[in-house]
Amino acid sequence: MGHENPAEQAKIILRTRLCNPSFIFSLFSQSPDSNYSKLKYIISSSVTEACNNSVLLLGPRGCGKVAVLEQVLEELLKEHPDMISVIKLNGLLHSDNNCALKEIARQLCLEHQLLFSKMASFDDNSQFLLSMLRECGLAHKTIVFVLDEFDLFAQGKQLLLYNLLDAMQSVTSQAVVVGVSCRLDADQLLEKRVRSRFSHRKLLFLPPSREDLERLLEHILLLSTDSSLPDDYTAAFNAKLLNILADDKFKGVIDTLCYSDSTVGHLLRFLFSAVCHMDMKSGFLSLENFKSALPSIQRQPKLEALKDCSVLELYILVCMKRLEVKELELCNFNSIMKEYKSIHDAFQTSDYYARNVCLRAFEHLLQRALISFDDNRGQGHSTEFRPVKLLISWHELHQGLKSYRSCPVRSLGV
Amino acid sequence: MVKEESPQINRRTTRLSSCTTPNSKASPEASKATNRSHSLSINDLNFRNEYITLDELINSFPGRRAKIIELINLLGPLNSPITPLFVYGSASTGKTNIILQIFKHLNRPFTYCSCITCYNPRVLFESILNQLFLHRKNESNGYLSSKRCEKPSDFVNLLREALTSLIDSLKGNVGKSGSKKSSSQVNGKMVYLIFDNLELVREWDKSSTILPLLFNLYNILKMPEVGIIFVSKSSPDTFQSDTGYAEPFPIYFPDYTEDDLRHIFMKNQANPKLYSSFLDLVLRPFCRITRRVDELSTAFLPLFKKYCEPIGDLGTVPSEDMKRKLFSHIQPFISLTLNETFSVPSQPFVKASANKDRRKSIKKMFGVSESLDVIDFHMSTSAKYLLISAFLASRNPATLDASLFDSTGGSDIRKRKRKSSERSKDQKETKELELLMKGPGTFPLERLLAIFQCITSVAEYSPVDEELQNGGLGLEGPDSGLMSDILLQLSSLCSANFITKGGSCPLEGSTRYRSTVSEDMALKVARSLKFPLSKYLFRR
């Protein structure tokens, strides 16, 4: 389908690239001092020299830790077929020991065409793991354990980590443990007995530098000439794109983007938005696409919620602000209503509503997460008595009121 | 009658049925047939035979044109991968409805799970898997799910298995049908998972593990053929977790503006001229209070009936003169309705189907004053007395119990009152503020029972005789055989949320109670018993 329209095809190609991390991070695999080369060296040397090893990949989310690891493993599986088997665990799913061992056994069985028993006990599974480690060691086969969200495995007794790392102390076994975590202090979370068995190799993944970012943009957005697209379209598309990339305005957009978050993940979301809104008539990306993509991913939820508030809800917020200025240590619906009445008495506003109407507006504010209950104390109380606090700053409130079209609160001297 | 209201109601009923039984509403025979045959095909993962065009889609949602086009752009052309989307906006802004209708328009396979009906992880997991395995609970399988799945790790394994087989069959589907398209066939080989009402997951027991799992599901699955869409009432910044998660792409649905609301309410009106003149009057004042469609439509429904009362024929086009007459007719009702909470309960768990009595009693518990003087629910006399004594125990300071309820009855209260007024004004104000802040106080069971005995024994005599009965009151309680009944009543009052059980007192160790009824409510109950409540109420 869609062969008729090169623009649509180009869109699909770009979206496929943006959703495929291994394509994006393949750019960095060539340079010798990249994390890719380092990681590949560590794992391949322990495969070829038949030794045990462990390494931690640390860095913020969206910096390609898992993508690089997958690339390395894929490459190594090609280079040394039948010498590596990969076991993948995720801290979100397998932080519980029982569960983790079961999953290891399941993947080992799958890998080696063995029959997996769902009913196997914890003991059976750990026995199985140990004997598999020995067998694989004798066959000079390396088992690579990938532990994603490594910090979650360090909760509780760390039995799984201990068992794995302890089994690796023996000469017969041959295994690599790769931990991936976005907590930079992940190795500090380990118990002493686990830490002493861990080789302290750490690879740090950082957001790309400015030059890398520009290379990355070209890598992602330029269409390759050997695709099924018509040549003249590809050429025109690329020429137009290079024009945009060199534009100072575009560089300004990228600067504001990186100002808040310069990880690749953030950049990808930005590009995704730009590509999605590509004009299908002209079939090319325009500077406007990038400009409009910026506010769509850098959202200000509190200001948005403020703009949605009705007049009565704004009144309540202003009352809360006034109470805050008065420096009362506690604030709840009743004290707000008192303040509301005093505002009404002082300024004779037309917006004076019954208490239950205000209570509902108050509940709407709670739903909008502009205010929240102070703490979990007083659970038994009804809503009116529970202490609340304002979740927006004075500045935000003022900005919200100013942007409101028919703001009545300006007369209130706030 | 109001157009936006009818899809609202439709949505409530069809939200689930529209995805589990795609055509139960549209064609009952067809759905019966699929039920009987038990063999569902992949084409059941969308709305069958219900294709709508883009224009219809945009026209059915006034004021949402830009959002619909943005969403369609983000979903992209056929078979294009997508990053997880996060659609948010406050209640009744059309998030779920628009997304479901867009899928109806695009005719792509999806699964829909609302975290309201899927109230815990296991139900959520199994509901998704049931839809993916094309499994429907019915009599023959004992209403069981296709797979039993409790742990997240099992869920991900099963989900991957289900998705792989589904996508394979979708690919086969595409190959078979070639270029010719039939309306009942799903488009493309992407499968979309929609999670609605995600904000509720935050309240779940295991929210700290389930939320990161859902947000990271796309990265864990690593399947480009899967699209994930979250729908939530609260913004992404309210979903916090320790180590964060892969952020989904945010899409914001703002509240309707006044103009949008006018378009929404003007849809499908029998007499647009008449309704428009009605909206001229009511829309502006009501928008100052709330802009939620559901609340406005429930408020407008009775008001419009009132508005039409003077006119015999509803089809008439109102003249200027008539409009003025109608305006003066409706004017008093507008301000009256403005100061009433519309009868839509704000809490989502109170279903609109709840019977009237229950809703009213709930309203009361939230401190809503009713103009009626009678209480409209049944309660035994002893329960009423118990309610009053709980109210007294919560409001009065414990130190005053003796003077209020001792042999002199309520006569002492006046002296107390005067005494309190002698205090300095400052002190009084701080006390008042404290009461406002702290709310009703807590009390132990013994105090409640003591007050209960006192007031029931008083009530056995008429208030006129009270002075004569000095001395004997404290001794003559209701006989102790009633005691178990009283405790039973207490527990039922607790479960009805009139009295809440608080934590135990750290010093005494006994459970403490607190009354949650408002003063109006207590007075009303007292009036129904002819009990002089105000006499016993300590006022600072």
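## Salt bridges

A salt bridge, as the term is used here, is a side-chain nitrogen of Lys or Arg within 4 Å of a carboxyl oxygen of Asp or Glu. Side chains of opposite charge can pair when their charged atoms come close. In this predicted model, Arg210(A) and Glu214(A) provide an example, since their side chains meet in a salt bridge with an N to O distance of 3.8 Å. Both Arg210(A) and Glu214(A) belong to helix 11 of chain A, which covers residues 210-221, and the two stand four residues apart, or about one turn of the helix.

When the whole structure is searched, 32 salt bridges are found over all chains.

## Where chain A meets chain B

How many residues of each chain take part in the contact between chain A and chain B? On the side of chain A there are 66 residues, and they are in contact with 68 residues of chain B. Between them the two chains bury about 5,800 Å², and 55% of this area lies on carbon and sulfur atoms.

Across the interface of chain A and chain B, five salt bridges are found. A salt bridge also links Glu70(A) with Lys222(B), and here the closest N and O atoms are 3.9 Å apart. Counting residue pairs in polar contact between chain A and chain B, with both residues at pLDDT 80 or more, gives 22. Looking at the side of chain A that touches chain B, one finds that helix 19 of chain A (residues 355-367) supplies the largest share, namely seven residues. The residues on this side of chain A comprise 27 nonpolar, 15 polar and 24 charged ones.

## The sheet of chain A

Chain A contains an open sheet of five strands, arranged in the order 2-3-4-1-5, and the pairing is parallel. At its edges are strand 2 (84-90) and strand 5 (201-204) of chain A, each of which pairs on one side only. Neighbouring strands of this sheet are turned against each other by 20° on average, direction ignored.

Within the sheet, strand 1 (residues 53-58) and strand 4 (residues 175-181) of chain A pair in the parallel sense over six bridges. Leu58(A) stands opposite Ser181(A), which is in strand 4 of chain A.

## The sheet of chain B and its helices

In chain B, five strands form an open sheet in the order 2-3-4-1-5, with parallel pairing. Strand 2 (110-114) and strand 5 (249-252) of chain B each have a single partner strand, so one side of each is left without a neighbour in the sheet. From one strand to the next, the twist averages 20°. Strand 3 (residues 191-196) and strand 4 (residues 226-232) of chain B run parallel and are joined by five bridges, and Phe195(B) stands opposite Phe230(B) in strand 4 of chain B.

Which strands does helix 4 of chain B lie across? This helix (residues 65-75) lies across strand 1 (85-88), strand 3, strand 4 and strand 5 of chain B, and it runs at about 160° to strand 5 of chain B. Helix 5 of chain B (residues 95-106) packs on the sheet and touches strand 1, strand 2, strand 3 and strand 4 of chain B, its direction making about 155° with that of strand 4 of chain B.

Note on methods: Residues are numbered from 1 along each chain as its sequence is written. Chains are lettered from A and ligands numbered from 1 in the order in which they are written. This is a predicted model: local features need pLDDT of at least 70, side-chain atom pairs count only at pLDDT 80 or more; totals for chains, interfaces and linings use all residues. Side-chain values use heavy atoms; hydrogens and water are left out. Contact means heavy atoms within 4.5 Å. Buried area is the accessible area (1.4 Å probe) that two parts lose on being put together, summed over both. A polar contact is a pair of N or O atoms within 3.5 Å; within protein, one must be able to donate a hydrogen and the other to accept it, and residues adjacent in sequence count only if both atoms are side-chain atoms. Ala, Val, Leu, Ile, Met, Phe, Trp, Tyr, Cys and Pro count as nonpolar, Asp, Glu, Lys and Arg as charged, and the others, Gly among them, as polar. Two strands pair if DSSP finds at least two bridges between them. Axes are lines fitted to C-alpha atoms, for helices over the stretch in contact, and angles run from 0 to 180 degrees between N-to-C directions.
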